[in-house]
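Let us walk through the aromatic rings of this structure, and then through the charged groups that accompany them.

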Amino acid sequence: MMSNLFISYALLLATLLGLASLSQAAPKELRGRVSDVLNGDTIIVTDDKNKKHKVYLLGIDAPEIKQKFGNQSRDYLERLLFARNYQVKVIIKKHTRANNIVGTVFATEMNSNQFADINGMMVMAGYAWANPRTSKQYVAIEKIARNRKAGLWEQKNPVAPWQWRKRKN
């Protein structure tokens, strides 16, 4: 009788632990090929079913196209992705109201299974600001880029995209 009660509790505990692990499932991801680079922090990814997804790079904010360094930022992102054959994996953080994806973009290094964090590479090269409103992950990397005067940090007083957008409205 005691062993039956123990087995019942063990099964109940195992079931509850299994349900808890389901609620903490691995983050969703999207795999595909970059079909367009809209600017320094937005890409279009086409999945294996040929569906296009607009993806905003989490934790960064790149200059707008009409802003100083906007074209250079987009071009640098294009070169990063071209060097990796445009194949990406996006770890999805959330979806916007328009059902676009916000996530971290990873691309494989050529002839390797190693993935490079494209969002972080944009900040490290000085082609995007860290955006602590969405993620604090790249704040330290931005400080390094600033100290090295990389990319847009070579300017005397670079204007953050959110300030530029505010001035335009």
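In this predicted model, ring pairs link F69, Y76 and Y127 into a cluster. Rings of Phe, Tyr and Trp (its six-membered ring) count as a pair if their centres lie within 6.5 Å, and planes under 30 degrees apart are called stacked, over 60 edge-to-face and the rest tilted. By this rule there are five aromatic pairs. One of them joins F69 and Y127, whose ring centres are 6.2 Å apart with planes at 45°, so the pair is tilted. Because F69 lies in the loop between β4 (60–61) and α2 (70–82), and Y127 in the loop between α3 (118–124) and β8 (129–130), this pair ties together parts that are 58 residues apart in sequence. Helices (H or I, at least four residues) and strands (E, at least two) are DSSP runs, numbered from the N terminus. Both F69 and Y127 are buried, a word that stands for under 20% relative accessible area, with exposed over 50% and partly exposed in between (1.4 Å probe, protein chains only).

The rings of W129 and W162 have centres 6.3 Å apart and planes at 70°, so this pair is edge-to-face. It links distant parts of the chain, with W129 in strand β8 and W162 in helix α5 (residues 161–168), 33 residues apart. W129 is buried at a relative accessible area of 5%, whereas W162, at 28%, counts as partly exposed.

The charged end of R133 sits over the ring of W162, 4.8 Å from its centre; such a placement requires NZ of Lys or CZ of Arg within 6 Å of the ring centre and within 35 degrees of the ring normal.

Residues are numbered from 1 along each chain as its sequence is written, and side-chain values use heavy atoms, leaving out hydrogens and water. As the model is predicted, local features need pLDDT of at least 70 and side-chain atom pairs count only at pLDDT 80 or more, while totals for chains, interfaces and linings use all residues.
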